[in-house]
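Please read this briefing alongside the sequence and the coordinates. The points that follow are grouped by topic.

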Amino acid sequence: MALALSPPRVPKPKSALPLHYYESFLEKKGPRDRDYKKFWAGLQGLTLYFYNSNRDTKHVEKLDLGGFVKLTDEAPWGNSHDPSTHFCLVLRNQEIKFKVESLESREMWKGFILTVVELRVPSNLTLLPGHLYMMSEALAKEEARRVLEMPSCFLKVSRLEAQLLLERYPECGNLLLRPSGDGTDGVSVTTLQTLNGTPMVRHYKVKREGAKYVIDVEEPFSCTSLEAVVNYFVSYSNKALVPFLLDEDYDKVIGFVEADKENGESVWVAPSAPSTSGPGPAPPKGGPKQLPPTSITPAPSLDKLPPLPDQDNNYVIPIGDTPAASYMNEDVPSPSQLVVPKPRRLVKLQAKLPKPPTVPKSEPKGLNSGPAKKLAASSAQAFSPTTGLADVTAELEEKLQKRRALE
C-alpha cells in the first residue's frame with residue numbers, strides 16, 4: 001500500500017537580528033549589582049544594548065552613552081585576576097564596570113565606544129589595521145545617523161519668531177533650537193525665563209566643528225550631537241530649562257471673519273456645532289432644494305411586443321392601377337358600398353402580420369371565353385404571389401374592370 005506523501009517542511013521565518021557597530025560577550029556590573037552578569041552586548045549609535053543570548057532580537061537592558069566622561073583600565077580593588085580583562089565606563093551619573101575574555105576584546109570595546117562618543121578613531125590603543133578599518137566604517141555610519149537626527153525642540157524659525165513662540169506658549173517649554181542666523185552649519189539656542197515678573201530672553205550660539213557641536217560661552221563645551229546640546233542646557237540649569245514642544249491642537253468649531261452690518265467692523269463668528277439629532281446637516285438657506293425622489297419605471301422588455309391593432313381598423317386602399325387588396329374573411333363588398341374615407345394617420349406596426357392561409361383558386365363558371373382568360377392572365381401577372389391576394393374572385397375583377405372603363 002502506497003504511503004501518502006507529506007508536504008515538505010517550510011522553515012519558520014527568523015526575525016532579523018539588530019545591526020550593531022560591534023557586538024560580543026560582555027560581563028557587566030552596575031552600581032547596585034553585587035556581582036558581574038554575562039550578556040551578549042551590541043553597540044548601536046550612542047547606546048549599548050544587552051541581550052540574554054546572541055540569538056535574541058529584543059534587549060533586556062540598555063545603557064545611554066550621552067553622559068560619557070571617560071574610560072579607565074583600572075582593575076577592581078583586591079582582584080588577583082589579570083587586570084587587562086577589566087575596564088570601567090564613567091558617566092555623569094554612574095560608573096559601570098565591565099569584564100571581557102581577553103585583552104583584544106577589551107581594546108575593541110574601548111575603541112568602538114570612543115569612536116561613537118568622540119567621533120574619531122582612537123590612535124592610542126593596541127589595535128590591528130583591520131580593527132581600525134572596522135572603526136572607521138562605524139564612524140561613517142554614526143556621522144550619517146547624526147546628520148538625520150534632530151531634537152524635537154528644533155524648529156526652522158528666525159530669532160524673532162523663536163522669541164514670540166516662547167512668549168505665546170510658555171506651557172510648551174522655554175528652550176528652543178533654531179538655525180543659526182549667520183548662515184553656517186551651526187545652530188542657536190533661545191531661552192525665555194521670568195525674573196520677578198520680567199521676561200528674560202537669552203540667545204546662545206552653537207558652532208559646528210567637524211562632527212562636534214561646541215557651545216560658544218566663556219568656557220566652551222563640546223557635544224557629540226544636538227541632543228547632547230539640549231541635555232547639557234537642561235542638566236546645567238538643574239532642569240529649569242525645558243525643551244520646547246508645541247502641542248498641535250485643533251479647533252472643533254469652524255469660525256470665520258464677518259463684517260458687522262451696523263458698524264462695519266470685522267468680528268469673529270464661531271457658531272455652535274449643529275445638532276446631530278437629525279439624519280444629516282440641514283441645507284443652507286437659499287441653496288438648491290433637494291428634488292423629491294422619483295420612481296424609476298423599468299424599461300419594457302424587447303421580447304414583449306405591443307398588442308396588434310384590431311382587425312376592424314383596416315385601411316382602405318384607393319383603387320388605382322394596382323389591384324385592390326383582398327380581405328381575410330373573403331367577404332367581397334359590392335361596388336355600391338365602396339366609399340373612400342378620409343385618410344388616416346398610418347400606424348407603423350412593430351410586428352409582422354400573420355400570413356393568411358393560401359386557398360386554392362377556383363375558376364368561376366362562364367369565364368372560359370377568350371377575354372375572360374386574358375383578363376385572368378393579366379390579373380395573375382399583376383399580383384405577386386407573395387402578397388397573399390390569390391383569393392380574389394373573378395367576379396370582383398370584372399366589376400373593377402368595368403369601373404375603370406367608365407372613368
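**Briefing on the predicted model**

L132 counts as partly exposed, because its relative accessibility is 33%. This residue belongs to a predicted model, and L132 has its place in helix α2, which covers residues 129-148. The protein as a whole contains 6 helices and 14 strands, and of its 407 residues 27% count as buried.

**Surroundings of L132**

- When its neighbours within four places in sequence are left aside, L132 is in contact with V121, P122 and L127.
- The C-alpha atom of L132 is separated by 9.5 Å from that of F112, a residue 20 places away along the chain.

**Confidence and overall organisation**

- The mean pLDDT of the protein is 74, and 62% of its residues reach 70 or more.
- Residues 294-305 keep a pLDDT under 50 throughout, and for this stretch the model has 1 contact beyond four places in sequence.
- Over residues 363-390 the pLDDT is likewise below 50, and the model gives this stretch 22 contacts beyond near neighbours in sequence.
- Among contacts in the protein that join residues at least 6 apart in sequence, 43% are between residues at least 24 apart.

**Aromatic pairs**

- A search of the whole structure finds 9 aromatic pairs. One of them is formed by F221 and Y232, whose rings are stacked, with 4.1 Å from centre to centre and 15° between the planes.
- F221 lies in strand β12 (residues 221-223) and Y232 lies in helix α4 (residues 226-236), so this pair ties together parts of the protein that are 11 residues apart in sequence.
- The two partners fall into separate accessibility classes: F221 counts as partly exposed at 25% relative accessibility, whereas Y232 is buried, with a relative accessible area of 18%. Y232 is classed as buried because the cut-off for that class is under 20% relative accessible area.
- Ring pairs also link F221 and Y232 with Y204, F233 and Y236 into a cluster.

**Charges over rings**

- The charged end of K28 sits over the ring of F50, at 5.7 Å from the ring centre.
- K38 lies over the face of F25, and here the distance to the ring centre is 4.9 Å.

**Residues with positive phi**

- L119 has a positive phi of about 55° although it is not a glycine, and its place is in the loop between α1 (103-118) and α2. L119 is buried, with a relative accessible area of 8%.
- K239, which is also a residue other than glycine, has a positive phi near 65°, and it is found in the loop between α4 and β13 (256-259). At 68% relative accessibility, K239 counts as exposed.

**Helix residues and their partners in space**

- E167 has its place in helix α3, residues 159-168, and counts as partly exposed at 40% relative accessibility. E167 and Q193 are 26 residues apart in sequence, and their C-alpha atoms are 9.5 Å apart in space.
- N231 and G67 are 164 residues apart in sequence, while the distance from C-alpha to C-alpha is 8.9 Å.

**Cavities**

- Rolling a probe the size of a water molecule over the atoms shows where empty space is left.
- A search of the whole structure finds 2 cavities of 30 Å³ or more, and the largest cavity has a volume of about 60 Å³.
- Which residues line the largest cavity? The lining is made up of R146, E149, M150, P151, Y213, S225, L226 and E227.

How values were computed: Residues are numbered from 1 along each chain as its sequence is written. This is a predicted model: local features need pLDDT of at least 70, side-chain atom pairs count only at pLDDT 80 or more; totals for chains, interfaces and linings use all residues. Side-chain values use heavy atoms; hydrogens and water are left out. Rings of Phe, Tyr and Trp (its six-membered ring) pair if their centres lie within 6.5 Å; planes under 30 degrees apart count as stacked, over 60 as edge-to-face and the rest as tilted. Helices (H or I, at least four residues) and strands (E, at least two) are DSSP runs, numbered from the N terminus. Buried means under 20% relative accessible area, exposed over 50%, partly exposed in between (1.4 Å probe, protein chains only). A charge sits over a ring if NZ of Lys or CZ of Arg is within 6 Å of the ring centre and within 35 degrees of the ring normal. Contact means heavy atoms within 4.5 Å. pLDDT is the predictor's confidence in each residue, from 0 to 100. On a 1 Å grid over the protein atoms alone, a cavity is a set of points where a 1.4 Å probe fits but cannot get out, and a pocket is an open set with protein on both sides within 12 Å along at least five of seven lines; lining residues have an atom within 4 Å of a point. Grid points are joined across faces, edges and corners, and a volume is the space filled by probe spheres set on the points.
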